[in-house]
Structure formats: C-alpha cells, structure tokens
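Please keep the sequence and the structure in view while reading.

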Amino acid sequence: MIKKIEVKEIKKYTPQMAAAVEYHMELLMPGARRRGTQERFKNLLKNPNAILLGAFDEHDALLGIVTLYKIETLGRKTVLFEECVVDSRFRDMGVGQALTRAAIDYVVKRPELGDRIEGTVNEKHIPAWNCYMKGGMHDRHNKAFFWVRVWD
Ligand SMILES: CC(C)(COP(=O)(O)OP(=O)(O)OC[C@H]1O[C@@H](n2cnc3c(N)ncnc32)[C@H](O)[C@@H]1OP(=O)(O)O)[C@@H](O)C(=O)NCCC(=O)NCCS
C-alpha cells in the first residue's frame, strides 16, 4: 500500500535513478533497455525543452514517470504530455492521476510555456483514458486526443 505520492521534477542523474527510469521505460516500450534508455535519460536531463516528472512514495522510491516536452511553433506554445508509465505493481492506486495533475499544474504555474498541454491516447486504452480524464485532462476533440487549456 502506498502511504504518500509526491510528484517531483527529476533533474539529476544518478545510476539508481537511471536504473529506475529504465525499468519504467521497459514496461512502456519493451526493448527500451536495448535501445539505450539510460543514455537517453542523460540526454533528456540536459535538454532545456524536456521535463521529466517522477511520482515517489514515502520512501522516495520511483512509482511512475511522465515526460513533458515544450513545443514552440510560429503560432503557439504548447506542452506535450508523453510516455506516462506507472510501475505495474502500483497501478490503479492513483499514481497516474497524480502525475497528470502535477503535469497540468506545472504548465499552469508557468505561463511562459503556453496555454495548452496535450497528448494522445489510444481510445481502447481505458485505464489510461480514465487516468488522464480523472487527473484533469478534458476531451475536447475526440477519443484519440486529450488536452486541457490552462486558461480560458
Ligand atoms: C495508464 C497508466 C499510466 C495509468 O496509471 P495508474 O496509476 O494505474 O492510473 P490511476 O490509478 O491514477 O487511474 C486509473 C483509473 O482507471 C481505472 N481503470 C483501470 N483499469 C480499468 C478498466 N479496465 N476499465 C475501467 N477503468 C479502469 C482505475 O480504476 C482508475 O480510476 P479510479 O481512480 O476511479 O479507480 C498505467 O496503467 C500504465 O503505466 N500503463 C502502462 C503504460 C501505458 O500504457 N501508458 C499510457 C500511454 S498513453
């Protein structure tokens, strides 16, 4: 049972964190380890456009992650919500919703990132859809997209 879920930005490389991130990415994308997730993790931490959020338990163990990516086009700034994955031992306990809420909050608190956070989900992926909707994302298009405006 999880006693506490705290979502924090992961900013620093440590071998332990790299292994924990790799474990999560392997669950999301089997074969990720072989494709060099730890190197990608290192690169992501150096990338000023990428933000990695981690959900931690009361012992500071990683429960889940989500990557946010800043996008700036000619017309607008938006933040992409990508690769949300929760440790399979701790699913259906609200970790994904905590990550979703924290991601929205991250963007709301930083108007310089734009007024939108968006992502895509397969319409058949009910747990993910429920997680994002209950976490505060709103379906404004159809079931293949979700996004929320951070101000109206
Ligand atoms: C999608 C994912 C991130 C959700 O994380 P999570 O921590 O399990 O999500 P939460 O517990 O916060 O919320 C899930 C909700 O869906 C519900 N749910 C789960 N399975 C369900 C099902 N088969 N049918 C209906 N609802 C379901 C849960 O009950 C929960 O709602 P509740 O809080 O009202 O009980 C997690 O399942 C995961 O890592 N999946 C594998 C990776 C993945 O597919 N990522 C998404 C890429 S788009």
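**Briefing: ligand shell, helix packing and fold**

In this predicted model, the element that gives the most to the shell around the ligand is α4, which supplies six residues. The helix α4 also packs against α3, where the two axes come within 8 Å, and the chain as a whole comes to four helices and six strands.

**Ligand shell**

- There are 19 residues around the ligand, and the ones that come nearest are Arg91, Gly96, Gln97, Pro127 and Asn130.
- Two or more residues of this shell are given by each of β4 (77-86), α3 (95-108) and α4 (126-134).
- Sorted by class, the residues around the ligand comprise 11 nonpolar, five polar and three charged ones.

**Packing of α3 with α4**

- Two packed helices are described by the angle between their axes and by the distance between those axes.
- The axes of α3 and α4, which come within 8 Å, cross at roughly 45°, and the two helices are therefore oblique to each other.
- The crossing in which α3 passes α4 is right-handed.
- On the α3 side the residues that meet α4 are Gly96, Gln97 and Thr100, while Cys131, Tyr132 and Lys134 are their counterparts in α4.
- This contact of α3 with α4 has, by class, two nonpolar, three polar and one charged residues.

**Packing of α1 with α2**

- Helix α1 (residues 15-28) packs with helix α2 (residues 37-46) at an angle of about 115°, and their axes are 9 Å apart, which makes α1 roughly perpendicular to α2.
- Here, too, the handedness can be stated: α1 passes α2 in a right-handed crossing.
- From α1 the contact takes Ala18, Val21, Glu22 and Met25, and from α2 it takes Thr37, Gln38 and Phe41.
- The residues of the contact of α1 with α2 divide by class into four nonpolar, two polar and one charged.

**Overall fold**

- Read from the N terminus on, the elements of the chain follow the order β-α-α-β-β-β-α-β-α-β.
- The chain has a radius of gyration of 15 Å, close to the 15 Å that the globule rule gives for 152 residues, so the chain is as compact as a globular protein of that length.
- Taken along the principal axes, the box that the C-alpha atoms of the chain fill is roughly 40 × 35 × 30 Å.

Definitions and conventions. Residues are numbered from 1 along each chain as its sequence is written. This is a predicted model: local features need pLDDT of at least 70, side-chain atom pairs count only at pLDDT 80 or more; totals for chains, interfaces and linings use all residues. A residue is near a molecule or strand if its C-beta atom, placed from the backbone, lies within 6 Å of it. Ala, Val, Leu, Ile, Met, Phe, Trp, Tyr, Cys and Pro count as nonpolar, Asp, Glu, Lys and Arg as charged, and the others, Gly among them, as polar. Axes are lines fitted to C-alpha atoms, for helices over the stretch in contact, and angles run from 0 to 180 degrees between N-to-C directions. Angles under 35 degrees count as roughly parallel, over 145 as roughly antiparallel, 65 to 115 as roughly perpendicular and the rest as oblique. A crossing is left-handed if the near helix is turned anticlockwise from the far one by less than a right angle, and right-handed if clockwise. Two residues are in contact if their C-beta atoms, placed from the backbone, lie within 7 Å. The radius of gyration is taken over C-alpha atoms; the globule rule is 2.2 Å times the number of residues to the power 0.38.
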